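Subject: Structure handover

Hello,

Here is the structure I said I would pass on. My notes on it follow below.

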There are 2 protein chains.
Amino acid sequence: MKNLISTLNEFYPLSKESLEQLNSIFVEKKYKKKDKIASFGEVPTNFFVLKSGIVRSYVTDEKGKEFIRALYVPLRAVGAFSSLITKKPTETVYDCLTDCTLLVGDFKKYKQFAKTNIELANLYNVILERLFVRMEKRIFELSLLDAKQRYLKLKRYIPEIETLIPQYHIASYLNVTPVQLSRIRKELYK
Amino acid sequence: MKNLISTLNEFYPLSKESLEQLNSIFVEKKYKKKDKIASFGEVPTNFFVLKSGIVRSYVTDEKGKEFIRALYVPLRAVGAFSSLITKKPTETVYDCLTDCTLLVGDFKKYKQFAKTNIELANLYNVILERLFVRMEKRIFELSLLDAKQRYLKLKRYIPEIETLIPQYHIASYLNVTPVQLSRIRKELYK
DNA sequence: TATAGATGTTAACCTATGTTAATAGAATTG
DNA sequence: CAATTCTATTAACATAGGTTAACATCTATA
């Protein structure tokens, strides 16, 4: 329990009762590298809090090429929120880039509790707010910065990134080809 | 009152009491083309619901060049939410591209009510959820589509857009120069 | 209505990034 | 440890989109 409590209190302090309700919908679970936590075309039912490891989200084009849209580090809320919200099948896949430990939450039960438990409604607000702020930053990044600046920004955000995941995943997150990332690195470190 | 009620019930049905609380924090207000509803560097205190007209948000680079990041049409929630949430000065400016009517809401009072009124907490959830879904779509758009496809998508979203705002604003929203948009249009309509 | 400013188009040229393919070293597995 | 597969680099070439500038309309207002 300790772990769940300390993890979630990072977001929003909760009463005992709320924590008990959370307990009833969250389960801690270990995943292996490459395990999917949300698959293409499914209507997801869970959301997650990442305890350790790195998770990515990506979409796939007609030719099967993958585009990583987000990288998640510990304590971030993870999940196909757009699909949880709209109840439509997700086009975004979420999987583990390393072995991971996640808190798995039942979204429907959560929303059920949030209807009457205002602490949980407000915790959900806080999570959505954080996701929102992060997303807005990502939009600025993608539209205002060139690939070199996006690369430097990612390295500031996760300095160990290059030891954690292969370069072609980083390139995909930056929205460039591995070839272009290689050029950028050459230019930077020459 | 009718107007406020019908506008907000588009989002989430509310009890009389909640509507009264909302009434106490919302004011309907008319704005002229070019009026700002959130200015660079200020910590905003209001959020808005657009009743009529078109609002844009934009950021400015070191050289003073403007980048439109979002366009808002009637019934959308508008505001510098990232700054409202983080309480940090906004780098995004919001202004009216046409004469507009907006519901102006006091964010702090709203949050105050939402602490104890679960309907308002849940309405805020719904607003954040919608903003989130819209934002995620925008990220896919900016990173997966080329300028021509983004242009076609915008025209599907707001078919009258070309009669409402000048082409260079459209180009800015699409993240290309007016020159490039002109090329795209030539190519499409030849 | 004459003039200045705002808007859109086009051309010429430049740059960032994509595509493909060859190569080589690193990592994984039989 | 040999063979295979993965990953990163590099080169050659192609393309989308940026920059600048000239020009043509259009619009507003003095």
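In counting charges, Lys and Arg are taken as positive and Asp and Glu as negative, while His and the chain ends are left out. On that basis chain A carries 33 positive and 21 negative side chains, and the centres of the two sets are 3 Å apart. Please keep in mind throughout that the model is predicted.

Overall form of chain A

Chain A contains nine helices and eight strands. Its radius of gyration is 18 Å, which agrees with the value near 16 Å that a compact globule of 190 residues would have. Along the principal axes, the C-alpha atoms of chain A fill a box of roughly 55 × 35 × 30 Å. Of the 190 residues in chain A, 52% are buried. The accessible surface of the chain is about 9600 Å², and carbon and sulfur atoms account for 54% of that. If you look at contacts in chain A between residues at least 6 apart in sequence, 71% of them join residues at least 24 apart.

The nonpolar core

The largest nonpolar core has 59 residues. Those with the most contacts inside it are L22(A), F81(A), Y110(A), L22(B) and Y110(B). Helix α5 of chain B, residues 118-144, gives the most to this core, with 13 residues. Leaving aside residues up to four places away in sequence, L22(A) touches L8(A), L14(A), Y110(A), L120(A) and L123(A).

S57(A) is in strand β4 of chain A, residues 55-60. Is S57(A) buried or exposed? Its relative accessible area is 2%, so S57(A) is buried; the cut-off for that is under 20%. Not counting residues up to four places away in sequence, S57(A) touches F67(A), I68(A), R69(A), A70(A), Y72(A), T92(A), V93(A) and Y94(A).

K51(A) lies in strand β3, residues 46-52, of chain A. With a relative accessible area of 22%, K51(A) is partly exposed. The C-alpha atoms of K51(A) and P166(A) are separated by 21 Å, and the two residues are 115 apart along the chain.

Positive phi values

Most residues other than glycine have a negative phi.

- L75(A) has a positive phi near 80 degrees. L75(A) sits in the loop between β5 (66-72) and β6 (77-78) of chain A, and at 30% relative accessibility it counts as partly exposed.
- K87(A) has a positive phi of about 60 degrees, although it is not a glycine. K87(A) is in the loop between α3 (81-86) and β7 (93-96) of chain A, and at 66% relative accessibility it counts as exposed.
- N175(B) follows α8(B) and has a positive phi near 70 degrees.

Helix α8 of chain B

Helix α8 of chain B covers residues 167-174, and six of its eight residues are buried, so the helix is largely enclosed by the rest of the structure. Which residues of α8(B) are buried? They are H169(B), I170(B), A171(B), S172(B), Y173(B) and L174(B). The cover over them includes β4 (55-60), β5 (66-72), α5, α6 (147-157), α7 (161-164) and α9 (178-189) of chain B.

Regards

Conventions:
Residues are numbered from 1 along each chain as its sequence is written. Chains are lettered from A and ligands numbered from 1 in the order in which they are written. Side-chain values use heavy atoms; hydrogens and water are left out. Helices (H or I, at least four residues) and strands (E, at least two) are DSSP runs, numbered from the N terminus. The radius of gyration is taken over C-alpha atoms; the globule rule is 2.2 Å times the number of residues to the power 0.38. Buried means under 20% relative accessible area, exposed over 50%, partly exposed in between (1.4 Å probe, protein chains only). Contact means heavy atoms within 4.5 Å. Accessible areas come from the Shrake-Rupley method with a 1.4 Å probe; for residues, only the protein chains shown count as cover. The place of a charge is taken as NZ of Lys, CZ of Arg, CG of Asp or CD of Glu. A nonpolar core is a set of buried Ala, Val, Leu, Ile, Met, Phe, Trp, Tyr and Cys residues joined through side-chain atoms within 4.5 Å.
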